[in-house]
Amino acid sequence: MKPFAYERPDDAQGAVATVSADPDAAFLAGGTNLVDHLRLGLATPSTLVDVTGLTSTEITDAPDGGLSIGAGVRNADLAADERVRARYPVLAQAMLAGASGQLRNMATTGGNLLQRTRCAYFQDLTTPCNKRQPGSGCSALEGWARHHAVLGATHEPADVACVATHPSDMAVALAVLDAQVRVLGAEGERSIPLSTLHRLPGGEPSRDTVLAHGELVTAVDLPPSPIAARSTYYKVRDRASFAFALVSVAAAIEVVGDTITDARLALGGVAHKPWRATAAEEALVGAPPTDDTFRAAARAELVDARPVESPRGGTAFKLPLVTAAVTAALRGLAGGEEHA
Amino acid sequence: MADTGYLSGVHADLSLTVDGRRHELTVDTRTTVLDALREHLDITSAKKGCDHGQCGACTVLLDGRRTLSCLSLAVAHDGSEVTTADGLGADGALHPLQEAFLAHDAYQCGYCTPGQICSAVGMLEEAAAGHPSVVTSDLGADLTAGVDLDRTEIAERMSGNLCRCGAYAHIVDAVDEVAHREVAR
């Protein structure tokens with residue numbers, strides 16, 4: 001591990017000023033991802049700026065009826081909040097489906113958003129990876145691809161290819177809730193939609209988000225969302241607990257009579273960012289809440305899907321898995337039985 | 001900072017209260033709480049398993065909450081209170097979970113056991129405080145009286161602690177006994 005200086009400024013503005021002025025400085029919050037990256041040699045900051053205690057650790061009622069979540073709120077405390085559980089069950093479920101009890105006690109809201117992909121090649125300094133070492137290639141395309149993308153990835157050209165996925169469960173729930181992310185930079189505060197915080201790899205896979213170096217997440221704002229009271233998070237993984245999603249679905253649905261009148265859907269484990277499934281949402285609204293509708297909606301979202309086809313296992317298995325997971329999640333919300 | 005090579009790091013002074021005893025120490029900023037305990041203070045009950053946050057062997061109670069000491073930088077926890085499995089009980093006066101692990105044969109090699117026990121202590125407090133898990137049946141319910149823990153709840157809440165010997169069934173038995181003893185109390 002490379003040596004680093006450790007600083008704890010008096011306030012968030014001071015932390016932003018310090019990191020903005022030093023390209024080799026990095027923010028430290030819960031440390032659950034960053035400390036591992038320090039040890040792996042993946043992150044080599046010269047200075048760590050600890051923001052613990054510099055952003056809010058409170059969840060407050062917003063004037064518009066929504067909730068404002070401080071960036072310092074621990075994942076465990078967000079999941080346990082009774083307002084979150086009652087008004088945004090998809091968020092509580094997503095939080096609780098992620099990581100372990102110990103990690104949820106440590107990890108923060110801001111850090112959860114900015115955690116990096118768990119692609120094995122990204123974390124292995126001995127292999128080519130365009131995200132870690134731009135221009136070096138993508139090892140997953142020919143390697144062990146299982147937690148990798150089917151949507152929005154860059155397969156070619158080789159020097160920018162990236163099929164990594166974003167690992168957060170929380171962010172998938174926030175995508176379906178139309179959350180806003182408040183960010184403090186050297187020039188002041190701005191608020192950006194969660195759906196535009198993370199980016200697709202495009203031709204620049206080293207960049208996970210649209211944030212500039214030195215910008216600090218200070219809060220996540222949830223708008224009031226009556227539809228969210230009937231929402232769910234459905235996660236498929238390789239073991240029953242403490243594993244990243246192969247595929248996950250955040251869903252909210254409103255049914256009047258025999259018709260779906262409103263729907264929100266986002267997918268996890270399939271793309272470089274939480275994937276808001278707008279094509280599926282369009283296919284759902286106006287249709288009856290049946291398995292046929294749910295499957296058709298999932299397929300509509302997957303029209304442009306392109307799995308990784310690696311000789312050591314690819315991600316084609318995720319296409320039927322997405323369809324099954326979307327169907328199961330929506331069936332549960334619609335209160336329906338399984339129809340063949 | 002001058003490039004002085006990886007061996008000569010940046011040092012920081014800090015204090016940690018471990019199992020009720022306050023220690024002053026000087027550590028390289030790269031030192032984790034786990035390494036501070038084991039290498040600087042000779043407190044070895046917290047174990048190093050994976051050193052990547054995946055196994056739970058290093059679990060301690062940090063300011064009262066179960067935490068992975070391998071992913072916690074010591075310099076970021078100056079002034080904190082750490083409780084290891086060693087500090088939960090004493091010879092002849094074991095913690096109820098320590099007794100239950102013995103009674104239920106909840107280990108084979110024992111390497112994960114201190115982490116399992118610290119995790120169980122923290123987990124029972126979380127449940128008593130009304131923290132739900134992903135298998136809690138009604139997340140919208142009023143949980144202020146605490147969450148009743150069946151075996152599925154215990155297994156889910158303990159999933160951050162791996163046991164390579166596979167003593168899981170007995171670990172759940174041990175935690176189950178203490179969980180229901182505490183509820184009845």
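1. **Interface area.** Chain B and chain A bury about 3200 Å² between them, and 60% of it lies on carbon and sulfur atoms. Buried area here is the accessible area (1.4 Å probe) that two parts lose on being put together, summed over both. B:Arg30, B:Leu71 and B:Leu139 supply 19% of the area that chain B buries against chain A, more than any other three residues.

2. **Basis.** This is a predicted model: local features need pLDDT of at least 70, side-chain atom pairs count only at pLDDT 80 or more, and totals for chains, interfaces and linings use all residues. Residues are numbered from 1 along each chain as its sequence is written, chains are lettered from A and ligands numbered from 1 in the order in which they are written, and side-chain values use heavy atoms, with hydrogens and water left out.

3. **Contacts across the interface.** On the chain B side, 40 residues are in contact (heavy atoms within 4.5 Å) with 38 residues of chain A. There are 16 residue pairs in polar contact between the two chains, both residues at pLDDT 80 or more. A polar contact is a pair of N or O atoms within 3.5 Å; within protein, one must be able to donate a hydrogen and the other to accept it, and residues adjacent in sequence count only if both atoms are side-chain atoms.

4. **Salt bridges.** Chain B and chain A share 2 salt bridges. The term needs a side-chain nitrogen of Lys or Arg within 4 Å of a carboxyl oxygen of Asp or Glu. One of them pairs A:Arg39 with B:Asp51, with the closest N and O atoms 3.3 Å apart.

5. **B:Asn161.** This residue sits in the loop between α4 (151-157) and α5 (168-184) of chain B. Helices (H or I, at least four residues) are DSSP runs, as are strands (E, at least two), numbered from the N terminus. B:Asn161 counts as buried, at 2% relative accessibility. Buried means under 20% relative accessible area, exposed over 50%, partly exposed in between (1.4 Å probe, protein chains only). Its side chain reaches the backbone oxygen of B:Gly115 at 3.2 Å. A polar contact of 2.7 Å joins the side chains of B:Asn161 and B:Ser119. The residues that B:Asn161 touches, not counting those up to four places away in sequence, include A:Gln102 and B:Tyr168.

6. **Chain A.** The secondary structure of chain A comes to 12 helices and 12 strands. Of its 340 residues, 59% count as buried. The C-alpha trace spans about 60 × 55 × 35 Å along its principal axes.
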